[in-house]
Amino acid sequence: MSAPADSPIGVFDSGVGGLSVLRALRACLADERFIYYADNAYCPYGGRPDHEIQQRAEFVSKQLLQKNCKLVVVACNTATIAAIAGLRQKYPDVPFVGMEPAVKPACAQTRSGVVGVLATGAALSGDKFLRLVADHARDVRVVTQPCPGLVECVEAGELDGPRVRGLLETYLAPLTAAGADVIVLGCTHYPFLRPVIEQMLGPQVTVLDANAAVARQTRRILDQFGLQAASGGGSALEVLASGESDAIKGFLPLID
């Protein structure tokens with residue numbers, strides 16, 4: 001590995017969504033320094049072609065590696081699907097950690113035999129997601145629901161209210177009608193809506209995201225390569241953005 005253990009961890013997403021992953025990372029890795037890059041000039045990634053997402057992921061990763069990041073977390077399901085294989089090929093000496101919707105634990109927890117997945121259309125149509133379902137949902141019905149508009153609500157800081165609840169009613173209804181008792185948040189923006197989602201669904205439905213699992217995987221990789229920061233060194237966070245950064249900074253109190 002080229003970067004020393006006291007180097008920061010890079011985390012990126014198209015906007016504020018990856019901050020939900022960063023929150024889990026900071027809770028799990030209290031002594032690590034982080035650099036968060038919001039590529040919000042190109043948000044959302046979900047409606048963009050793969051080649052454009054790949055170009056942006058390479059550009060942002062280059063910015064983070066120029067700041068000597070020792071590991072990069074691709075805190076976006078869409079970017080993971082479109083770009084992480086190419087990033088690992090381009091930077092073979094850098095560990096990259098990606099996102100994977102929590103389909104496996106959802107299938108293990110369901111009692112009804114039906115799991116719902118909320119995600120972007122791009123994430124749900126990718127081969128990676130289809131393989132995930134094929135591997136872990138052999139005896140479980142997985143009902144998927146694209147959610148246009150939710151990312152834009154979160155980016156605007158709109159985490160509750162009539163528009164958010166109207167969209168969620170539309171997207172949750174087919175999942176509950178199908179009998180889903182576990183619902184997976186398959187986009188890193190959606191955990192910021194989790195309190196509203198859980199309130200709307202009630203206690204009989206379990207809501208899962210992959211953020212804690214990603215944090216644990218990051219810790220395992222740091223351990224594997226001897227890249228853990230020294231204990232007691234203190235945590236720090238630097239925030240970068242390709243667009244306006246005020247919206248990003250406005251979310252920081254939610255991840256402390």
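Start by selecting helices H2 and H3: H2 passes H3 in a right-handed crossing, where right-handed means that the near helix is turned clockwise from the far one by less than a right angle, and left-handed anticlockwise. Helices here are DSSP runs of H or I with at least four residues, and strands are runs of E with at least two, numbered from the N terminus.

Before going on, note that this is a predicted model, in which local features need pLDDT of at least 70 and side-chain atom pairs count only at pLDDT 80 or more, while totals for chains, interfaces and linings use all residues. Residues are numbered from 1 along each chain as its sequence is written, and side-chain values use heavy atoms, with hydrogens and water left out.

Back to the pair: H2 and H3 (residues 77–90) pack at about 55°, their axes 9 Å apart. Axes are lines fitted to C-alpha atoms, for helices over the stretch in contact, and angles run from 0 to 180 degrees between N-to-C directions. H2 and H3 are therefore oblique to each other; the cut-offs are under 35 degrees for roughly parallel, over 145 for roughly antiparallel, 65 to 115 for roughly perpendicular, and oblique for the rest. Show the side chains of Ile-53, Ala-57 and Ser-61 in H2 and Ala-79, Ala-82 and Leu-87 in H3, which are among the residues making the contact (heavy atoms within 4.5 Å).

Next, select H1 (residues 18–28) and H10, which pack at about 50° with axes 8 Å apart. That makes H1 oblique to H10. H1 also passes H10 in a right-handed crossing. Among the residues in this contact are Val-21 and Leu-25 of H1, and Val-214 and Arg-219 of H10.

Now display the whole sheet. Five strands form an open sheet in the order E4-E3-E1-E2-E9, with parallel pairing; two strands pair if DSSP finds at least two bridges between them. The edge strands, each pairing on one side only, are E4 (96–97) and E9 (236–241). Six bridges join E2 (residues 33–38) to E9, and Tyr-36 has Val-239 as its bridge partner in E9.

Last stop: Lys-67, in the loop between H2 (50–66) and E3. Lys-67 is partly exposed, with a relative accessible area of 38% (buried is under 20%, exposed over 50%, partly exposed in between, using a 1.4 Å probe and protein chains only). Leaving aside residues up to four places away in sequence, Lys-67 touches Pro-8, Ile-35, Glu-238 and Leu-240.
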